[in-house]
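Keep the sequence and the 3D view side by side as you read.

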Amino acid sequence: MLTNYPTTKMIFKTKKIERSVTLTKESCEGILSYCKMNHPNEMVLILKGKSKAGNVLVESLVIPPFSETGPTFAGFPSSFLPLDLSYIGMAHSHPEGSAEPSLDDLNNFFGLVSIIVKSPYNNEDIFAWDSAGNMIPVSVSD
Ligand SMILES: [Zn+2]
């Protein structure tokens, strides 16, 4: 049997990948308390976890070696980091202003996701961004 495929009517739909970031309760609390500890300076943490089908799961946190922090700068030389595929991104705080990534933040993007927490560092002050500066929804799992 022959089938005529209506080739001219074929529609290709590119499925948009819905991305999201999930924090375990422990990693969420860890990020927030580390922000508060370092206030009024910025803090920076490495996010460990895994990524599956667009969802980034943050399971634990690593304090980066040789980190330098100040009121407007939090960074570390990534060349000092061991190659570890479970490092999926970074979190840092913005003690003042919004949780939007600065140009420097985007230029120094590390991993898959960048979490920025603004003062006063509550659950609703946590925002996640991709390397293009698009917001990714964040949720906390039990
Ligand atoms: Zn920043």
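Begin at Leu 47: apart from its neighbours within four places in sequence, this residue is in contact with Val 58, Leu 61, Ile 88, Gly 89, Met 90, Ala 91 and Ile 115. Here, contact means that the C-beta atoms of two residues, placed from the backbone, lie within 7 Å. Please bear in mind that this is a predicted model, in which local features need pLDDT of at least 70 and side-chain atom pairs count only at pLDDT 80 or more, while totals for chains, interfaces and linings use all residues. Residues are numbered from 1 along each chain as its sequence is written.

Leu 47 also belongs to the largest nonpolar core, which has 28 residues; Ile 31, Leu 45, Leu 47, Ile 115 and Val 117 touch the most other members. Such a core is a set of buried Ala, Val, Leu, Ile, Met, Phe, Trp, Tyr and Cys residues joined through C-beta atoms within 7 Å. A residue is buried if 20 or more other C-beta atoms lie within 10 Å of its own, exposed if 12 or fewer, and partly exposed in between, with C-beta atoms placed from the backbone. In soluble globular proteins, nonpolar side chains tend to be buried together.

Strand 6 is mostly covered, with seven of its eight residues buried. Strand 6 pairs with strand 2 in the antiparallel sense over five bridges, where pairing requires that DSSP finds at least two bridges between the strands. Strand 6 and strand 7 run parallel, joined by six bridges. Met 90 of strand 6 is the bridge partner of Ile 46, and Met 90 also stands opposite Ser 114 in strand 7.

Now turn to helix 1. Its buried residues are Ser 27, Cys 28, Ile 31, Leu 32 and Cys 35.

Finally, step back to the whole chain: of its 142 residues, 27% count as buried.

Terms used:
Helix = DSSP H or I, 4+ residues; strand = E, 2+ residues; numbered from the N terminus.
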